[in-house]
Amino acid sequence: MLVKVCSAAVSGIEAYPVEVEVNAGYGDTLIIIVGLPDAAVKESRDRVMTALINSGFSFTFGRTTINLAPADVKKEGPSFDLPIAIGMAAASEQLETDQLENFVMVGELALNGAVRSVKGVLPIALRARKEGRTGVLVPPENAPEAAVVAGLQVIPVRNLREAISFLEGETKISPTKVDITSIFDHDH
């Protein structure tokens, strides 16, 4: 089964969309990540599988191919862990949702499934709004940064299970709101 999950990456101060395609198929049990991933992205294979298992999801046997498109641009860092895990859960039919096109997702996964903060969330939120997405799923620590972007639902997800439950409509998570004027009223 083929699944597409929306994500983004940062180059300088700009973000560009990254489509995380996950295909679960038959064959020897193998997980392959393509699309010019750096070492941290390649290592996500192990973080994601362990986080899925420790979050109560089943291990998927067979060949899983993960493509980070566009394939001609280098992908860096652990921010693709969350969208890869969501894609793997959906491709293995452990997640059923029609919300994958509506949300851009970023976040590093801990081995227990917790979602850790990442860099560059503000430009990613700006890109998500420009692309016409409903919102972003981000680590709680990054939510205030993303919430300065008006017209976008910023959903803070603490762990993989919570993210999947939200996407399936089982759990309601209030979008993060910030008062921009109060931010500028304080000395930093």
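Glu 162 is buried, at a relative accessible area of 13% (buried means under 20%, exposed over 50%, partly exposed in between, with a 1.4 Å probe and protein chains only). Its side chain meets that of Arg 158 in a salt bridge, 2.6 Å from N to O (a side-chain nitrogen of Lys or Arg within 4 Å of a carboxyl oxygen of Asp or Glu). Arg 158 is exposed, at 55% relative accessibility.

This is a predicted model, in which local features need pLDDT of at least 70, side-chain atom pairs count only at pLDDT 80 or more, and totals for chains, interfaces and linings use all residues. Residues are numbered from 1 along each chain as its sequence is written, and side-chain values use heavy atoms, leaving out hydrogens and water.

## Other salt bridges

The count of salt bridges comes to 6. One of them joins the side chains of Asp 81 and Arg 47, at 2.7 Å from N to O. Asp 81 lies in helix H2 (residues 81–91) and Arg 47 in helix H1, so this pair ties together parts that are 34 residues apart in sequence. Helices (H or I, at least four residues) and strands (E, at least two) are DSSP runs, numbered from the N terminus. Asp 81 is buried at 1% relative accessibility, and Arg 47 is buried at 14%. Glu 43, Arg 47 and Asp 81 are linked in a network of salt bridges.

The side chains of Glu 101 and Arg 133 also meet in a salt bridge, at 3.6 Å from N to O. Glu 101 is partly exposed, at 42% relative accessibility, and Arg 133 is partly exposed, at 22%.

## Strand S4 and its neighbours

Strand S4 (residues 63–69) runs antiparallel to strand S2 (residues 14–24), and 6 bridges join the two (strands pair if DSSP finds at least two bridges between them). Strand S3 (residues 30–34) pairs with S4 in the parallel sense over 5 bridges. Thr 64 in S4 is the bridge partner of Ala 24 and of Ile 31.

Leu 68 is found in S4 and is buried, at 0% relative accessibility. Beyond residues up to four places away in sequence, Leu 68 touches residues including Val 18, Val 20, Ile 33 and Val 41 (contact means heavy atoms within 4.5 Å).
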